Amino acid sequence: MVMHLIAAPGVPGVPGAPPCAGLAPGVATEVRLTDGATVFLRDACADTPRLREMFFTLSDTTRFFYFCAGVPRNDVWAERVARLSIADGYTSYAMVAEVGGKLVGVARFDRDKQGSRAEIGILVTDAWQSRGLGRQMLARLHAEATGRALTGFTALVLGENRRAMRLLRGAFPTMQASFSYGQFTIDMPFAPESVPARAR
Ligand SMILES: CC(C)(COP(=O)(O)OP(=O)(O)OC[C@H]1O[C@@H](n2cnc3c(N)ncnc32)[C@H](O)[C@@H]1OP(=O)(O)O)[C@@H](O)C(=O)NCCC(=O)NCCS
């Protein structure tokens, strides 16, 4: 459930940081999860230090599912996660989920070469999984994407990542999934009514 818009608590200003991903940096939406917990969702902005910190909380399984490969818990991969927050707001968009000044999720999309679809990635920390946060983040990605005239998402998901499949199918019941080399390539066209007429 989306509750209301408020000023984001404590968005840090980092000298030399890349521009914020969205149009309204500093504005967060407070959402309530299925168990009543509340989380702030906002456009990513100067979040690299806190995403590096978040990376070191991730379990082996979560890192494996996100990267579709077993990746070590080290500074190189922490930097990869930190850079998920860097986006220009048009060819790419990034958002974070924040609780009590700490990041508990990051999600982004990147336009394909044709420019009408975008590949998504969503990463929620272990303690916050299966509580409805991924669903809220996906809904915000969708809203941001339709606002940028995108007509669908794509995703790569490991075959054993049943939760991600449930999340995506719940949001996009008409999605098409093809399986190859242990992973699904998923195509999620947006419902026509959610796509602005100029993008159809
Ligand atoms: C996959 C991931 C992003 C999902 O986020 P999440 O916050 O755990 O997921 P949610 O709780 O919002 O949604 C999943 C659950 O809600 C249900 N759900 C979500 N949307 C739904 C809908 N519209 N209708 C019905 N059910 C829905 C799913 O059945 C699922 O149930 P589960 O709790 O039994 O697994 C998260 O678990 C994660 O970060 N995993 C590791 C990294 C990863 O796999 N990333 C995905 C790559 S794209």
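The shell around the ligand splits by class into 11 nonpolar, eight polar and four charged residues; here Ala, Val, Leu, Ile, Met, Phe, Trp, Tyr, Cys and Pro count as nonpolar, Asp, Glu, Lys and Arg as charged, and the others, Gly among them, as polar. What you're looking at is a predicted model: local features need pLDDT of at least 70, side-chain atom pairs count only at pLDDT 80 or more, and totals for chains, interfaces and linings use all residues. Residue numbers start from 1 along each chain as its sequence is written.

**Around the ligand**

- In total, 23 residues surround the ligand, and the closest are Phe65, Gly134, Arg135, Arg166 and Gly170.
- Two or more shell residues come from each of helix 2 (60-67), strand 6 (117-124), helix 4 (133-147), strand 7 (152-158) and helix 5 (162-171).
- Helix 5 gives the largest share of the shell, with six residues.

**The chain overall**

- There are five helices and nine strands in the chain. These are DSSP runs numbered from the N terminus, with helices being H or I of at least four residues and strands being E of at least two.
- Along the sequence, the pattern reads β-β-β-α-α-α-β-β-β-α-β-α-β-β.
- Of the 200 residues in the chain, 32% are buried. Buried means 20 or more other C-beta atoms within 10 Å of the residue's own, exposed means 12 or fewer, and partly exposed is in between, with C-beta atoms placed from the backbone.
- Take the contacts in the chain with a separation of 6 or more: 60% of them join residues 24 or more positions apart. A contact here is a pair of residues whose C-beta atoms, placed from the backbone, lie within 7 Å.

- Strand 4 (residues 92-99) is largely enclosed by the rest of the structure, because six of its eight residues are buried.
- Strand 3 (38-43) runs antiparallel to strand 4, joined by four bridges. Strands count as paired if DSSP finds at least two bridges between them.
- Within that pairing, Leu41 sits opposite Ala97 in strand 4.
- Strand 4 also runs antiparallel to strand 5 (residues 102-111), this time with eight bridges, and Val99 stands opposite Lys102 in strand 5.
- Strands 4 and 5 make a hairpin with two residues between them, and Gly100 in the turn has a positive phi of about 55°.

**Strands 7, 8 and 9**

- Strand 7 pairs with strand 9 (residues 183-189) in the antiparallel sense over seven bridges; Gly152 has Pro189 in strand 9 as its bridge partner.
- Strand 8 (residues 176-180) and strand 9 run antiparallel too, with five bridges, and Phe179 stands opposite Phe184 in strand 9.
- Strand 8 and strand 9 form a hairpin with two residues between them. Tyr181 lies in the loop between these strands and has a positive phi of about 50° although it is not a glycine.
- Tyr181 is exposed because it has 7 other C-beta atoms within 10 Å.

**Helix 4**

- Just past helix 4, Ala149 takes a positive phi of about 65°.

**Residues to look up**

- Glu30 is in strand 2 (residues 27-32) and counts as partly exposed because it has 16 C-beta neighbours inside 10 Å. Its C-alpha atom is separated by 6.3 Å from that of Leu41, 11 residues apart along the chain.
- Ala46 lies in the loop between strand 3 and helix 1 (48-55), where it has a positive phi of about 55° despite not being a glycine. With 19 C-beta neighbours inside 10 Å, Ala46 is partly exposed.
- Thr61 belongs to helix 2 and is partly exposed, with 13 other C-beta atoms within 10 Å. The C-alpha atoms of Thr61 and Asp126 are separated by 9.1 Å, with the two residues 65 residues apart along the chain.

Note on methods:
A residue is near a molecule or strand if its C-beta atom, placed from the backbone, lies within 6 Å of it. Two residues are in contact if their C-beta atoms, placed from the backbone, lie within 7 Å.
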